Each structure stands twice: as structure tokens, then as C-alpha cells.
Amino acid sequence: MKNYKLILLALAALGIASCAKQARINGTVDGAADSQIVVRKLDMNQYNVLDTIKTKADGSFSYKLDVKDGQPEFIYLFYGDTKIASLLLEAGETAGVTTDTLGKYQVVGSEGSAKLAEVEQRYADFLTRIYNAPDTKEMSRIYIDYYRNCVKYVLSNPKSLTSIPVLYQEVSAGSPVFAQHTDAIIFRQVADSLKTVYPESRYVQALEKEAASREQVLGVQTRLSAARINNFPDLNMADINGKKVRLSEVDAKVILLHFWTSASDDQKMLSLEYLIPLYKEFHDRGFEIYAVGIDPDKARWAGVIKSQNLPWINVNDGLGSSSSSLALYNIEGLPTSLLIADGEIDTNDFQGADGLRKELGKLLK
């Protein structure tokens, strides 16, 4: 009987060993001799510290971690607060990492890690270009090109876990790259494909929940055939009643996206003397205004809207000059307005109320 129990224990141990294997990281950090490197693992939406290791005099290090079969892990190396390498490790892999203290790195020996490095480099290049864009028109073009390339990437790599971080990238805090109605289809396609390869991966399971949530909230199953793909960065901000209003869901042929502040008397007069007459003239023909208040004092902002009886959509995230909407549309001064017609930013220049009236006349014949 004792021998029988020992055999069972031995078989159980072998079963555990077959599921949990090790992956190894052999690396060198240029400029970080005898320094501490923090190893972190992605746990859905946050990094959890796995360990802290010390480099040798030449900056080299070696680290082993457990990785289960069929459940690759996203692993990140940090030097202080700087992420210096990103890895996607399969069970049994040995990744060779060469990096520096600023995060310029290369990976060999791990196909997933090499693809992840390419994904992160393209994302970093995109952020640099969009924040250095000279104007809203160029910013919009950069965003649209990058969004389309992201769609192409995830659909071309449906069975690679590197598609998951692409789906969750943001243009700025709270402004995802994948913000379209129809993106629920992409989330579903990638989730379904990854489930066939990594059914037990917690990353895939979380993506499955996200896909289901998007389908439920947006009613994708019944509305996708009629959904419109909008070629502009989306906004989702609270109105004076605290209800979130998404820019892409505004039902209008032409939308004036208007950035302003209630702290300016001139901008308040602009609403009364120019915008209200335009709104009354064109609203019934398919015109709407989505006015973004750049005011940290939401009570004063709401008071001005009520006192002026501004009839259009008024939203405000309460962050003032720190609002991500300003960075998203490269707004450098207030007031600033741009037109969105049939899901695309109108690139025609219009000057003042008269110019806007003429442009609306053309768009809303």
C-alpha cells in the first residue's frame, strides 16, 4: 500500500512538472553594472513584481521563471521606473536580451518576444509622430493610418498573443486606438482565433470577456451591418447631467467639434451671437454641435450652459488644460472648431461664422 501511494505521488509530481516548465532570460544591460533590475509580469491591466535581480560587473544577468505549457507570459524588465525590455515567453524558451537603461533593446531566441518588440516600437513611433503633428489635419491622418495598420496586424496575426496589447493601445489616457463601433468584431475574431491555440491563457480569457462586453454594450450582433466606421479619434465625455456621450454615436450628418472655455467672455458671446443662429438654421438639416468645455470648474461651466440655454451637446471631463481631448486633437488654443462630415474630418478651411455658414450650406444641401 505504501509503495502504491508513492507511485501515485510520483505520477502526480510528473504531471505537475509537465505543466509547469521554465523559461530563461539571459541579458545584458549596457550602463547598468552591479545594478538592480525588476522583473514584472503582466496581470491583465497592471504589472506585478516577480523578482528583483542584480546585474554583474559587465551588466549581464540570468533569470529563470515558471511558464506553463500553452500559457505564455508577458514579462517586463525595469531599470528604476524605466521599462527596458518587453518579453512574451513560451515554456522552455531562452530569450537573449540586449538593452540599455533607456529601453532600447533587442531580443533573440524568442519569436513572440521579437514580434512584441516590433509592436512596441511601432506604437512608440506612432505616439511620437502624433504628438509632434503640426496641425489637426495631420494628426488625424497619422491616427487613421496607424489604426488601419493595427487592424491589418491583428487580422494578419490572429493566433499570436502579440495581437492582444495592440488591441489595448491608447492614443492618450482614456482614448483607445480601437474606439470604433465595429471594433467589437475585431476583438471577437482575435479572441476566437486565440482560443484555438491558447484556451487556458488568462490573457485570452480576459480578451474573451472584453469582446463579449463590447458586443453586449454596443448591440453589435444586431447593429454591425449598419454601423459606420468613423475616421476620427473618438471622445466619450460626460454632459451636464453626468451622462457619457460618445462623439462617434452622435446621430448627425455634420458635427461641429467645438473646444471652448466658459471662463472667457468672448467665447460665451461667440456661442450667443454666432453658434446659436447657425444651430437654429442648420440643425433640422442634420447639423449638431459637440462642444467640449475645457473647464476644471464644472459647476461654473454648467451654469453658463444653462443660463445661455445652449441647445447642443455639451461635455466636459473636468480636467481643464490636462484634458486628453486636447492632445488627441492637437488643440493649441481656444476656441478651436472643426467639422466632421459623414464620419470624416472636413479638411476644407473656413474662416469665421460666414465661412462656416457657407461650408455647412455645401455639406447640408
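In this predicted model, Gln36 stands opposite Lys54 of strand E3, a pairing that belongs to the contact between E3 and strand E2 (residues 36–43), where the two run in the antiparallel sense over eight bridges. These two strands are part of an open sheet of four, arranged in the order E3-E2-E5-E6 with antiparallel pairing. Strand E3 (46–54) and strand E6 (82–89) stand at the edges, and because each has a single partner strand, one side of each is left without a neighbour in the sheet. On average, and ignoring direction, neighbouring strands of this sheet are turned by 25° against each other. Helix H2 (residues 111–131) packs on the sheet, where it touches strand E5 (73–79) and E6, and the direction of H2 makes about 135° with that of E6.

Another strand, E7 (residues 94–100), contains Ala95. Ala95 has a relative accessibility of 0% and therefore counts as buried, the cut-off being under 20%. Leaving aside neighbours within four places in sequence, Ala95 is in contact with Arg24, Ile25, Asn26, Leu89, Val107, Val108 and Ser110. Between Ala95 and Asp266 there are 60 Å in space, taken from C-alpha to C-alpha, and the two are 171 residues apart in sequence.

Tyr329, when its neighbours within four places in sequence are set aside, is in contact with Thr136, Met139, Phe232, Pro233, Leu235, Leu247, Leu257, Phe259, Leu338, Ile340 and Ile345.

Which residues does Ser325 touch, not counting those up to four places away in sequence? They are Leu235, Met237, Phe259, Val292 and Ile294, and Leu235 and Phe259 are also among the contacts of Tyr329. Ser325 itself is found in helix H10 (residues 324–328), and with a relative accessible area of 1% it is buried.

Finally, helix H5 (residues 183–195) has 13 residues and reaches 18 Å from its first C-alpha to its last, which is close to the 18 Å expected at 1.5 Å a residue. The buried residues in H5 include Asp183, Arg188 and Ser193, together with Ala184, Ile186, Phe187, Val190, Ala191 and Leu194.

Key:
Residues numbered from 1 in each chain as written. Predicted model: local features only at pLDDT ≥ 70, side-chain atom pairs only at ≥ 80, totals over all residues. Heavy atoms only, no water. Expected span 1.5 Å × (residues − 1). Buried < 20%, exposed > 50% of the residue type's maximum accessible area, 1.4 Å probe, protein only. Contact = heavy atoms within 4.5 Å. Pairing = 2+ DSSP bridges. Axes fitted to C-alpha atoms, helices over the stretch in contact; angles between N-to-C directions.
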